[in-house]
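Colleague: I have a model open and would like to learn how to read it. Can you take me through a few features?

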Amino acid sequence: FYFSDRLLVELKSAMVLGARTLLALQDETPDEKVVVAFPDEGAHKKMQDIFRIFPHIVCDKVRNGDKRIVTLKEGEGFAD
């Protein structure tokens, strides 16, 4: 983003709102398990504290020629 010097910009994230929404969903449907899946290790490191009350799955993308295969790198509590 490029802004002029006369503009004061304050960037916000909606991740906290997303975590609250997942928490409300978990309260509404206690028989269903809410698990947060991160697309890669970088996203997990950056966002894990926001979603700390939920189990995590970390994925990884493997390139095989022209194919992109998403694999499960690590996870907990999602196989129940």
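Predicted model: local features only at pLDDT ≥ 70, side-chain atom pairs only at ≥ 80, totals over all residues.

Colleague: Where is His 56 placed, and is His 56 buried or exposed?

Modeller: His 56 belongs to strand S2. Its relative accessibility is 12%, so His 56 counts as buried, the cut-off being under 20%.

Colleague: Which side chain does the side chain of His 56 make a polar contact with?

Modeller: That of His 44, at 3.3 Å. The His 56 side chain also reaches a backbone oxygen, that of Phe 54, at 3.3 Å.

Colleague: How should I read the strands of a sheet?

Modeller: In general, strands of a sheet pair through backbone hydrogen bonds, in parallel or antiparallel fashion. Here, three strands form an open sheet in the order S1-S2-S3, and the pairing is mixed. Strand S1 (36–38) and strand S3 (67–75) are the edge strands, each pairing on one side only. On average, neighbouring strands of this sheet are turned by 30 degrees against each other, direction ignored.

Colleague: How many bridges join S2 to S3?

Modeller: Eight, with strand S2 (residues 56–64) and S3 running antiparallel. As an example, Val 62 has Ile 69 in S3 as its bridge partner.

Methods: Residues numbered from 1 in each chain as written. Heavy atoms only, no water. Pairing = 2+ DSSP bridges. Helix = DSSP H or I, 4+ residues; strand = E, 2+ residues; numbered from the N terminus. Axes fitted to C-alpha atoms, helices over the stretch in contact; angles between N-to-C directions. Buried < 20%, exposed > 50% of the residue type's maximum accessible area, 1.4 Å probe, protein only. Polar contact = N/O pair within 3.5 Å; in protein donor to acceptor, adjacent residues only side chain to side chain.
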